Amino acid sequence: MALRISFHRRFVTATVFFLFCVFVLPAIAGAIWLKVFTSAVIFALAARGASLVYAQLGLVNLAQIALVGVGGWVMLRLNYATTLPFELSLLASAAITAIVGMLLSLPAMRMRGLYLALVTLMAAGAFQILFTAFQFPNGGSGFLGVAMQSPGEMRRPFLARSDAAYLSYCVAVTALCMVLVFLHERGKAGRGWALIRQSEANAMAAGVDVTLFKVWAFTLSGFLAGTAGALLAGALRLLDSKSFPAGESILLFALAIVGGAGHWAGAVIAGILYRVVPAVLNDFGLDADLALILFGAALLHAIITAPQGIAGQILSASAFRRSAT
Amino acid sequence: MIRISDITVRFGGVVALDSITAEISDDVIGIIGPNGAGKTTLINVLSGFVRPEAGSVDVDGLNLLTLTPFRRARWGLSRSFQKLQTAAELSVENLVRVGLDHCSSPNAEKDAAIGRALEFVGLSRLRNTKGGDLNSQQQRMTEIARCLVNSPRIVLLDEPGGGLGETEAEALRTIITDIRSSFGAQVLLIDHDVDLIRATCSKTIVLDFGKLIAFGPTETVLRDKMVQAAYLGQGPGQ
């Protein structure tokens, strides 16, 4: 019998962690660390999107960072072209990116494993070229909205103008998205995905529309990436076309595996590894690229000893401790 | 009434089913035959996993072959698989609930249907157990409960008795016999266990090398010389 922690207990832990990130973290972090944590939270959200597709369907999508870029592009575009409140632009960016994510699911109807991973990576490469060619909107004229020097300003939500408040805001949005994923996993979608992952034939025989459920997972994953991209646009105010190379998606995906693909905490760990660890190394005066060596070792560790990732190890350790007492 | 007419399936040069024709109106029908006879292929044709080269399957006026596999399932054609594939992290309740996820009926009704199906296969007390913690007999019963939960019209069982012990096989016999009266579905049963076939099926289809070599009342079919020869692996001419 596997060790399991009660739902009640997990809920309490998640809530305490959430409250800590909303109220305590922004209050104690210094100016630079606020930016680091904000970006960590945003990429945790993006990582959840990638890990969702992997944990639920066993499919590898290596275009997640590109989708974050798409979300960011749409957000900046809407910011300068309209006077919509931040929240509406955020939703619109997420929805449009979700549609792009849905299109990425089309190859997944025919391919899986390495082939699908390669196709999504190629798509990420294509986006990288598009971003470089067209840049991100910064308030210029025309559809692309690019000017030599930024004449405009990326607005932040009414409630969260300062960096500290914006960190809380990002945590809240990320938490909402995590709850959305959780509800999917617990409901009809999660049941369908579980059957598909086990055997597509079995799923079909049970009346599961395999195509719809695969598209659904990619769309949700794209929605999360779009939200992350829009939040990133709000955090940095300007996006650089060089910030979304195809290779970064591989790194984020690998870190999502290291963190633990099947759990929200795994995505949080991925976000911390992706953004906080390099910053800490920098702080110690070390080269941030050292992080890559650490990540490589962590990935080996995860593949060899921890299929559920670090989150899985923490969970089973705490379940074990509770069962021992 | 299931009307199978002239179904032919070819895998490359191999004729897996050679213009099979049968009209099925009994409650429980057996499908037997030696390994490679085409039993599972026939089930796959009915459930939509194999597209036949020729022929048609008509159920009460509906041409079944026009529907995709999941639409057949929603229409009321359930099937189990020879190989057990239970999603380890879903509970028994959720494994069964999947069969109802396409219905729009209220939750209370769904819960009641799940309760009834689990009760029928004897798994009520395991409702919240995870799939990964079930033994193979319990997994098999979960699969049968999932087949029954959406009040199907036809249930196809592909070797449900594989690997069961004596008492478990006994329970399975009762379950298969009672499906029509409790859920209203016709059952097509593939199994190698002749005792199970004899105890549950009023009529039996015998396949050999893709050909239907006998179809009739189970006892008559089992006494048939050709059938015995096929099972003993001898050609009818020898």
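Predicted model: local features only at pLDDT ≥ 70, side-chain atom pairs only at ≥ 80, totals over all residues.
Within β4(B), B:Ser56 is the bridge partner of B:Ser5.

β4(B) also pairs with strand β5 (residues 62–63) of chain B. This pairing is antiparallel too and runs over two bridges. B:Val59 stands opposite B:Leu62 of β5(B). B:Asp58 has B:Asn63 in β5(B) as its bridge partner. Together, β4(B) and β5(B) make a hairpin, with two residues between the strands. B:Asp60 lies in the turn and has a positive phi of about 45°.

These pairings belong to an open sheet of four strands in chain B. The order is β2-β1-β4-β5, and the pairing is antiparallel. The edges are held by β2 (14–24) and β5 of chain B. Each edge strand has a single partner strand, so one side of each is left without a neighbour in the sheet. Strands of a sheet pair through backbone hydrogen bonds, in either a parallel or an antiparallel sense.

A helix accompanies the sheet. Helix α1 (residues 39–47) of chain B lies across β1, β2 and β4 of chain B. Helix α1 of chain B runs at about 65° to β2(B).

Domain 1 of chain B is assigned as 1–76 + 153–164 + 185–238. Domain 2 of chain B covers 83–151. The C-alpha centres of the two domains of chain B lie 26 Å apart. In the contact between them, domain 1 of chain B contributes five residues and domain 2 of chain B contributes seven residues. On the side of domain 1 of chain B that touches domain 2 of chain B, three residues are nonpolar, one is polar and one is charged.

Chain B also meets chain A. Here, 20 residues of chain B are in contact with 18 residues of chain A. By class, the side of chain B that touches chain A has eight nonpolar residues, five polar residues and seven charged residues.

Key. Residues numbered from 1 in each chain as written. Chains lettered and ligands numbered in written order. Pairing = 2+ DSSP bridges. Contact = placed C-beta atoms within 7 Å. Nonpolar A, V, L, I, M, F, W, Y, C, P; charged D, E, K, R; others polar. Axes fitted to C-alpha atoms, helices over the stretch in contact; angles between N-to-C directions. Domains from an automatic or database assignment.
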